[in-house]
Amino acid sequence: MQKGSCACGAITYELDDDNKAAMICYCRDCNKTSSGGALFLRTDKVNLRLKGSPKFWATNATQSGKESRRYFCPECGVHLWVEVDQWPSILTLKVGTLDDYADITLATEVHTRNAIKAFQPVQDVGQKRIP
Ligand SMILES: [Zn+2]
Ligand SMILES: [Zn+2]
């Protein structure tokens with residue numbers, strides 16, 4: 001089990017998943033909300049136990065055309081996770097909101113076409129341009 005919160009503590013969570021293999025996403029929305037790429041853990045929605053009342057921003061200006069929702073704390077503005085209707089049972093949780101992220105590893109990079117040019121590919125990690 002892993003635990004986490006937003007910056008101000010109005011929203012806390014427990015994650016029933018010990019997965020530590022993260023992905024970096026460089027899609028435009030992740031770049032805008034995370035200042036140049038975001039680290040996520042993919043997990044089943046049922047694994048997240050939440051305390052607090054996040055808001056979300058929804059858009060279907062995604063490459064799949066399916067809606068995505070970015071959940072954030074209405075007090076401090078920190079983004080906590082993303083849901084995409086293309087994968088209805090999955091959420092992607094922002095690694096930086098975990099209480100302890102020292103043991104996180106990198107599994108893949110996605111939407112690398114939008115990566116800042118100064119960022120070099122991470123060694124021994126698969127890259128996906130999508131599409
Ligand atoms: Zn907060
Ligand atoms: Zn993204």
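Select residues 2–120: the end C-alpha atoms of this span lie 29 Å apart, and the span is 6% helix and 43% strand. Helices (H or I, at least four residues) and strands (E, at least two) are DSSP runs, numbered from the N terminus. The UniProt annotation "domain: CENP-V/GFA", from an unreviewed entry, covers residues 2–120. UniProt positions are given in the numbering used here, feature names are shortened, and annotations may be inferred rather than shown by experiment.

This is a predicted model, in which local features need pLDDT of at least 70, side-chain atom pairs count only at pLDDT 80 or more, and totals for chains, interfaces and linings use all residues. Residues are numbered from 1 along each chain as its sequence is written, while chains are lettered from A and ligands numbered from 1 in the order in which they are written.

**Whole chain**

The mean is 92, and 99% of residues reach 70 or more. Confidence is lowest in strand E11 (residues 126–128), at a mean of 78, and highest in E2, at 98.

Switch to a cartoon: the chain has 1 helix and 11 strands. From the N terminus on, the order is β-β-β-α-β-β-β-β-β-β-β-β. The C-alpha trace spans about 35 × 35 × 25 Å along its principal axes. The radius of gyration, taken over C-alpha atoms, is compared with a globule rule of 2.2 Å times the number of residues to the power 0.38. For 131 residues, a compact globule would have a value near 14 Å, and the protein chain agrees with 14 Å.

Of the 131 residues, 26% count as buried. A residue is buried if 20 or more other C-beta atoms lie within 10 Å of its own, exposed if 12 or fewer, and partly exposed in between, with C-beta atoms placed from the backbone. Two residues are in contact if their C-beta atoms, placed from the backbone, lie within 7 Å. Among contacts between residues at least 6 apart in sequence, 50% join residues at least 24 apart.

**The sheet of 3 strands**

Select E1, E2 and E5, an open sheet in the order E1-E2-E5 with antiparallel pairing. Strands E1 (2–5) and E5 (48–51) stand at the edges, each with a single partner strand, so one side of each is left without a neighbour in the sheet. The twist averages 20° from one strand to the next. Two strands pair if DSSP finds at least two bridges between them.

Start with E1 and E2 (residues 12–15), which pair in the antiparallel sense over 4 bridges. Gln-2 has Leu-15 of E2 as its bridge partner, and Ser-5 stands opposite Thr-12 in E2. The two strands form a hairpin with 6 residues between them, and Gly-9 in the turn has a positive phi of about 90°.

Next, show the side chains of E2: Tyr-13 and Leu-15 make up a covered face, Thr-12 and Glu-14 an uncovered one. E2 also runs antiparallel to E5, joined by 4 bridges. Here Glu-14 stands opposite Arg-49 in E5.

**The sheet of 8 strands**

Now select the open sheet of 8 strands, ordered E6-E7-E8-E9-E4-E3-E10-E11, with mixed pairing. E6 (55–59) and E11 are the edge strands, each pairing on one side only. Neighbouring strands are turned by 30° against each other on average, direction ignored. Finish on E6 and E7 (residues 68–72), which pair in the antiparallel sense over 5 bridges. In this pair, Thr-59 stands opposite Ser-68 in E7.

Definitions and conventions:
Axes fitted to C-alpha atoms, helices over the stretch in contact; angles between N-to-C directions. pLDDT = per-residue confidence, 0-100.
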